[in-house]
Structure formats: C-alpha cells, structure tokens
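This report goes through a protein model piece by piece.

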Amino acid sequence: MIEGSFRLAVGYTSMLVHATMRRDLLRRADVRASFVRQVHRTGVLTVPFVLVVGLLFGAVVVTRALSMLGPDNDYALHGVVRGGVRELGPIITALIVIARSSVAIAAEVSLMQLRHGIHDDVWGDAAHEEEVVLPRVLGVATASAMLVAYFQSAAIGSALLATAWNQGTTIGNEVERFLLATDWYEVPLAILKGAVMGAGIAAIACYHGLAVRGAIGDVPKAVVATCVGSVVFVMVVDAIGVLAWLL
Amino acid sequence: MAAVTTHPHHRGPGSPYRVTVLIVLGIAALLAAAMAAAIAYRHGMFSQGERLYFVTNAAQGMSAGTTVRLAGVRVGTITDVDLLPDASVRVTLGVDPQARKLLRADAAADLIREQLQPAAIELRPGTADAPLPANDPRLQFSRRPTITEVAADLNRRLGPILDDVKLLTASVAARRGDIETVIAQGGAAARDLAATAQSLRAVADDARTIVATAGGQVKQALAEANRTVSEARRAMVAAQGTVSEAGRTAARVGDVAGRAGEGLTMITANLPAMLRKLDATLEGVNRIVADGRSVSAAAAASLPPALGNVPPLVEDARQVAGAVKGIWPLSSRVPPPHSDVLTLDSHDASAAAPLER
C-alpha cells in the first residue's frame with residue numbers, strides 16, 4: 001500500500017512538473033483554447049453552485065457558530081472568519097470541483113486514450129502528455145482560485161447580513177467586526193490554496209485518465225481513483241497549510 | 001503536427017467562452033482585491049499610524065499582529081518585537097492616531113491572556129495632566145495573570161488547607177463514637193430547646209394578650225388625656241377671658257383709684273379748712289349741748305307732773321284709734337295689730353291661709 005501510494009504521489013507530482021515545465025505551450029492557440037474551455041467548464045459553469053453553497057454556509061454555519069460561541073467573543077469571531085475564509089472556502093470549493101470536474105476530466109482523458117490514443121492526430125500534436133495535461137491543470141487551478149473568491153464573497157456577505165439581522169445590529173457594524181477579525185493576506189492565501197488544490201485535482205485526474213490502457217472497465221476505475229486521490233490530496237494540502245501556519 | 005482546428009472540440013482564439021471567462025475572472029479578481037484592500041485599510045496598512053512602545057523582560061504571548069485595544073475597542077496591533085542588548089524586549093505598537101490622542105503621560109499597557117481568548121494588549125489611557133510625550137512614547141507594562149496562573153496560585157494557597165481538612169476528617173472518623181454521643185446529647189438538647197421554645201411561645205402569646213389589653217387601656221387613657229387636654233384648652237381659653245376681664249377690671253380699678261386719688265388730693269387740700277369748720281361746729285355743738293343741759297336741768301324740775309298725765313292720754317288715744325279702725329271702710333284697710341306674744345303652736349294660720357284657700 002505504501003508502495004502504491006508512493007507511486008501515485010510520484011505520478012501526481014510528475015503531472016504537475018510536466019505542466020509547469022511546459023508552460024510555453026500556452027503560446028499555442030489550441031492549448032490556450034483548451035485552457036479557456038477548461039476554465040469555462042470548471043469555473044464559470046460552477047459559479048452558481050459555489051454561490052449557493054457560499055450563501056448557505058455564511059447564513060447558516062457562521063450565524064449558528066456565532067450564536068453558540070457568543071457574538072461578543074472575539075476568539076469565536078476570529079475562528080469563524082478565518083476558518084470560513086481560509087480553510088473552508090478552498091476545501092468546499094475543491095470538493096465541488098472534484099465532484100463536478102475532476103471526474104469529468106478523468107473520464108475524458110480516459111476515453112481519449114481508449115478511442116484514439118494520445119498520439120492520434122485528432123488531438124493534434126499530442127505526442128507529449130503535457131499538451132493534454134497543461135491546459136487542464138492550469139484551467140482547473142485558475143477556475144478553483146476564481147471559485148474561492150466567489151465563495152468567500154458570498155459566504156461573508158450572507159454571514160454579515162444574517163448576523164446583523166439575527167443580532168439586531170447594523171450591516172456597517174458587522175462589516176467593521178469582520179474587517180478587524182481577519183487579516184488582508186487571508187484572502188490571497190485562500191485563493192492561492194484554492195489554486196494549488198485545483199491544480200492538484202486536475203493533475204490527479206489527468207494521471208488516472210492517462211493510466212487507462214485499452215479496457216473500457218478501466219474508465220470507472222480511473223474515475224473512482226481520481227475522486228479518492230483528489231479528496232486525499234485536498235486534505236493533505238490543507239493539513240500542510242495548517243502545519244506551515246502553525247510553524 | 002496536424003492542424004488542431006480539424007477537430008470540432010478544439011476552438012481557436014475566437015472562442016465564445018473567452019469573453020465570458022474573462023468577465024467572470026475579472027469580477028472574481030475585483031472581489032478578492034476589494035476584500036483584501038478593505039481589510040488592509042481597516043488595519044491601517046495604508047496609513048502610517050502612531051508608534052508607541054514598552055519594554056518588558058519577556059515577550060511570551062506577544063507577537064507582531066497581536067491586537068491592541070483601548071477600552072475594549074481594537075485600535076491597532078503589535079508591529080515589532082525586538083530583543084535589546086540587555087536581554088529585555090522592546091515591543092512596538094502601531095495604534096490609531098485618534099486613540100493615540102487619548103493617552104496621557106502615565107498610560108500603560110496590559111497583556112491579557114485568557115484561556116479561550118487570543119492574547120491582546122489592553123491600553124489604559126492614564127490620568128495625568130500631560131499627554132504622552134511625542135518624542136518618547138513609552139508605556140508602562142504589566143501582565144494580568146491568566147486563569148492558569150490564578151488556578152496555580154489558588155492551588156498553592158488552598159493545598160495546605162485541604163491537607164488540614166483531610167487530617168480533621170481522619171480525626172473525626174477515628175472518634176466516631178464520641179461524635180455519636182455528642183450527637184445524642186445534641187439531640188436531647190435540641191428536644192429541650194424545642195420544649196423551651198414551646199414555653200417561650202406560650203409566654204409570647206400571654207405577652208401578646210397583655211400587650212393587647214394594655215393597648216386598650218392605653219387607648220382609653222389616651223382618649224381621657226385627649227379630653228383632659230381639650231378641657232384644659234377650654235379652661236385656658238376661659239382663663240384668658242378671665243384674665244382679660246381682670247385686666248379690664250384692673251383698668252377700671254385703676255380709674256377709680258385715680259379718681260380716689262383725685263378725691264384724696266382734694267380732701268387733703270380741703271381738709272384743714274374742713275377741720276377748722278368742724279372744730280368750730282363742735283364748739284357750737286358743745287355750746288348747744290351745754291345749753292341743752294341747762295334747759296334739761298330746768299325742765300327736769302317741771303317734767304314729772306307732766307308725765308303723770310300721759311297714761312290717761314295714751315288710753316284715750318287707743319280708744320279713739322280703735323274706734324276709727326272699726327269704721328268702714330278703714331276696718332278693711334287697717335291690719336289687726338301684731339301680737340307680741342309667741343304662739344304656743346308652730347302652725348301659722350295666716351301663712352297657711354292662702355294654701356288652704
């Protein structure tokens with residue numbers, strides 16, 4: 001199991017390294033188009049879902065947490081804001097991306113492999129796997145970062161409105177409390193974390209999709225492996241982030 | 001390399017997604033930038049702020065970014081924690097300029113560390129007349145004990161007491177028989193106390209009755225006293241009238257006395273003349289008396305024969321008078337002569353006659 005996990009980790013990392021090393025491929029119009037398409041499908045089309053989840057999260061979770069921990073408790077407010085902005089935002093966004101896009105990417109790449117092979121002319125000069133991986137990794141990373149920003153905005157906005165309504169305070173007062181309870185770098189840090197998670201999710205999906213070799217039954221296996229691997233990856237990244245913050 | 005455009009899934013630079021993606025990405029970037037900028041602005045990132053500092057022996061619990069509050073309101077953060085050559089620590093605070101104006105020369109900073117709260121610096125503005133110096137804005141510093149420290153202190157203080165309690169408990173357990181005896185005696189004493197309390201209750205009831213009776217009597221006495229007071233008041237009113245009358249009488253007496261004085265004065269003035277007249281009158285009287293003596297002496301010689309004729313004259317007069325009285329209408333007008341001799345009976349017929357009629 002350890003050997004398998006290590007192999008998977010090396011494979012995921014190789015996907016990320018290939019995509020990073022061949023970023024010059026973005027000069028190609030077809031690769032850029034693939035990148036734009038990936039951003040559109042993973043990001044733009046997912047915005048409504050993320051906004052709904054963010055609104056519900058802010059209105060329900062934050063309000064309930066503050067009512068239980070005490071509205072005047074700075075520590076509680078600090079924890080809820082930081083947890084919501086820095087931790088839960090990227091994680092929830094990543095889970096949505098996993099459920100909606102990573103499995104699609106894994107299935108798409110698997111079918112590409114099965115039907116024509118990566119070397120087929122239909123897919124252009126795809127002799128290098130990077131040309132398949134790069135637009136997807138960058139596209140999902142960009143889309144995830146964007147979705148984190150939307151999630152934060154929706155969650156914080158609804159939390160401020162719900163808290164003000166629930167506690168009988170003003171919106172201005174709640175905005176003031178929020179601005180004082182967090183630090184400016186929390187926002188880009190969360191977006192960066194979302195980007196890293198998105199890139200990792202896409203790399204994992206590509207890895208498992210490219211690993212399919214000739215059997216149609218390999219496709220669902222690749223999809224399931226992508227799901228499990230992506231979730232584990234997200235948790236590991238979050239744990240590493242927490243450890244790095246604590247240290 | 002085959003042309004990518006040969007595949008329907010591949011789109012060129014003119015992809016319809018491009019604009020949408022750019023717009024959505026741009027909105028996300030604007031939201032994130034606005035959020036970060038607002039937070040940074042509220043934390044004073046775009047303003048210099050006022051720098052204060054204090055020096056402490058240790059900086060546990062303090063780090064850059066630790067909240068600084070004034071009266072519970074966040075006014076800044078710790079910006080720097082620097083180790084000084086003498087192993088002390090200089091902690092620099094960046095605070096809001098408005099809050100800085102409230103600090104006096106004796107302003108102080110307290111480190112507050114509660115179990116469920118993040119560490120924070122609480123500023124005390126101070127009461128000195130002079131403001132905090134601008135050239136050396138140094139604050140006094142102290143640490144408030146945490147709950148853990150308070151608990152440790154309590155543990156240190158209460159530990160010996162708890163040990164003594166344990167010893168007492170063990171001693172009590174060892175002398176349990178004595179305690180039971182004491183408890184039995186205490187029970188008996190309690191019963192006695194209960195009986196005593198019952199007696200006291202009865203005495204209290206009697207006392208309550210007596211008090212009630214005495215209260216009635218007191219009420220009567222008070223009513224009597226009220227009446228007496230009313231009468232006294234009336235007597236005083238009457239006395240006042242009497243006094244007024246006496247005053248008027250005294251005034252009249254004074255008037256009479258005045259007139260008497262005037263009369264006495266007049267008498268005093270006329271008395272010598274009157275005495276002289278009286279003396280002359282007395283001399284005249286003496287002469288008259290002397291003349292009378294001489295006349296009486298002269299008459300004494302001739303009077304006895306004259307007196308021998310008086311009784312027949314008296315008898316004659318009586319007879320005449322009786323005859324006159326018997327004449328009508330005088331007989332009905334002249335009452336019968338009153339008898340000088342007392343009757344033997346106490347019955348007065350004349351007095352009883354009107355009653356008998």
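## A residue inside a helix

Gln152(A) has its place in helix H5 of chain A, which covers residues 130-167. Helices here are DSSP runs of H or I with at least four residues, strands are runs of E with at least two, and both are numbered from the N terminus. The model is predicted: local features need pLDDT of at least 70 and side-chain atom pairs count only at pLDDT 80 or more, while totals for chains, interfaces and linings use all residues. Residues are numbered from 1 along each chain as its sequence is written, chains are lettered from A and ligands numbered from 1 in the order in which they are written, and side-chain values use heavy atoms, with hydrogens and water left out.

Is Gln152(A) buried or exposed? With a relative accessible area of 1%, Gln152(A) is buried. Buried means under 20% relative accessible area, exposed means over 50%, and partly exposed lies in between, for a 1.4 Å probe and protein chains only. Leaving aside residues up to four places away in sequence, Gln152(A) touches Val85(A), Gly157(A), Glu186(A), Val187(A), Ala190(A), Ile191(A) and Met35(B). A contact means heavy atoms within 4.5 Å.

## Chain B in outline

Chain B has seven helices and seven strands. Read from the N terminus, its elements follow the order α-β-β-β-β-α-β-β-β-α-α-α-α-α.

Chain B has 357 residues, and 16% of them count as buried. Among its contacts with a separation of 6 or more, 57% are between residues 24 or more positions apart. The accessible surface of chain B is about 26200 Å², and carbon and sulfur atoms account for 63% of it. Such areas come from the Shrake-Rupley method with a 1.4 Å probe; for residues, only the protein chains shown count as cover.

## The sheet of chain B

In chain B, seven strands make an open sheet with mixed pairing, in the order S1-S4-S3-S2-S6-S5-S7. Its edge strands are S1 (50-56) and S7 (140-143), each of which pairs on one side only. Two strands pair if DSSP finds at least two bridges between them. On average, neighbouring strands of this sheet are turned by 30 degrees against each other, direction ignored. Axes for such angles are lines fitted to C-alpha atoms, for helices over the stretch in contact, and angles run from 0 to 180 degrees between N-to-C directions.

How many residues of strand S4 of chain B are buried? Strand S4(B), residues 89-95, has six of its seven residues buried. S4(B) pairs with S1(B) in the antiparallel sense over seven bridges, and there Leu52(B) stands opposite Leu93(B). Strand S3(B), residues 73-83, also runs antiparallel to S4(B) and is joined to it by seven bridges; Ile78(B) has Leu93(B) as its bridge partner. S3(B) and S4(B) form a hairpin with five residues between them, and Ala87(B) in the turn has a positive phi of about 70 degrees. By contrast, strands S2 (67-70) and S6 (120-124) of chain B pair in the parallel sense over four bridges, with Val68(B) opposite Ile121(B).

## A nonpolar patch on chain A

Leu189(A), Leu192(A), Val196(A), Val242(A), Leu243(A), Trp245(A), Leu246(A) and Leu247(A) form a nonpolar surface patch with about 810 Å² of accessible area together. Patches are made of residues with over 30% relative accessible area and no salt bridge; like charges are joined within 9 Å, and nonpolar side chains (Val, Leu, Ile, Met, Phe, Trp, Tyr) within 5 Å.

Helices H7 (186-210) and H8 (218-246) of chain A each supply at least two residues of the patch. H8(A) gives the largest share, four residues. Leu247(A) is in the segment after H8 of chain A and counts as exposed, at 88% relative accessibility.

## Salt bridges

Side chains of opposite charge can pair when their charged atoms come close. A salt bridge has a side-chain nitrogen of Lys or Arg within 4 Å of a carboxyl oxygen of Asp or Glu. The whole structure holds 13 salt bridges over all chains. One of them links the side chains of Arg136(A) and Glu108(A) at 3.3 Å, N to O. Arg136(A) lies in helix H5 and Glu108(A) in helix H4 (residues 74-115) of chain A, so the pair ties together parts that are 28 residues apart in sequence. Arg136(A) is buried at 4% relative accessible area, whereas Glu108(A) is partly exposed at 24%.

In chain B, Asp153(B) forms salt bridges with Arg156(B) at 2.3 Å, N to O, and with Arg157(B) at 2.9 Å, N to O. Arg157(B) and Asp153(B) both lie in helix H3 of chain B, four residues apart, about one turn of the helix.
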